[in-house]
Amino acid sequence: MRLSTLALCAAIVAAARLVGKEKAAQEKAIDTQRSTITIHVGKSGLLSAAAHDHTINAPISSGTLLESGTPHIEFRVETAKMTVNPDPKIDAKDQATIQTHMEEMTLETKKFPEITFRSSRVQKLADGQWKVDGELSLHGATKPVSLTVKQTGESYTTHSVLKQTDFGITPLSIGGGMIKVKNELEIDFQIFAGQ
């Protein structure tokens, strides 16, 4: 009788440890209020000095991350919610035109309403640093991307450069190419896990 009681206690302790590990490895929702994706758009061409660079906010609509066990991350951005930051050097009419061009000509938000990222592999490089491989779907194309992610306080940050043409986007050009948007976009991510 005593042996079966010990076996039962050992089983309960083992089950409690497993439950504890599962809770520790639970997915967390991304904190969409604090997390940011910022896209930096530059200009090129003969008259590029007369043009302005733009910064675009791409708010995360939803997403999850798993920080332990087999870590992974995925998130979704609604293209219609992306906004070009106001530039004090540009009047309201031109600002509205830039926003419209981004929505209708570049992102084609009605045809491609979402941008998604899903990790396929997360490899620890050092304390607070990981290599994250995954697939980015944008403008109807899905391409592999590789990011080096660092933990900074409570957030995970990374910087990446993507080419618009890799995703079937033709960079905007005006004045017969005298001013054009650079093909390369610089993107900064700051992701916070929800509590």
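Reader: So how much accessible surface does the protein chain have?

Author: About 12,100 Å², and 56% of that belongs to carbon and sulfur atoms. Keep in mind that this is a predicted model.

Reader: Noted. And what share of the residues is buried?

Author: Buried residues account for 33% of the 195 in the protein chain.

Reader: What about secondary structure, how many helices and strands?

Author: Two helices and twelve strands. In sequence order the pattern runs α-β-β-β-β-β-β-α-β-β-β-β-β-β.

Reader: Okay, the core. Which residues in the largest nonpolar core touch the most other members?

Author: That core has 35 residues, and the ones touching the most other members are I37, I39, I73, F75, M82 and F117. Elements giving two or more residues to the core include β2 (36-44), β5 (72-78) and β7 (114-126).

Reader: And which element gives the most?

Author: β12, with five residues.

Reader: Back to I39: what does it touch, leaving out residues up to four places away in sequence?

Author: H54, T55, I56, A58, M82, L185, E186 and I187.

Reader: How does β3 pair with β6?

Author: In the antiparallel sense, over two bridges, with β6 covering residues 83-84. The bridge partner of N57 there is T83.

Reader: Last one: among contacts between residues at least 6 apart in sequence, what fraction joins residues at least 24 apart?

Author: 56% of them, across the protein chain.

Conventions: Residues numbered from 1 in each chain as written. Predicted model: local features only at pLDDT ≥ 70, side-chain atom pairs only at ≥ 80, totals over all residues. Heavy atoms only, no water. Pairing = 2+ DSSP bridges. Helix = DSSP H or I, 4+ residues; strand = E, 2+ residues; numbered from the N terminus. Buried < 20%, exposed > 50% of the residue type's maximum accessible area, 1.4 Å probe, protein only. Contact = heavy atoms within 4.5 Å. Areas by Shrake-Rupley, 256 points an atom, 1.4 Å probe, with all protein chains shown as cover. Core = buried A, V, L, I, M, F, W, Y, C linked by side-chain atoms within 4.5 Å.
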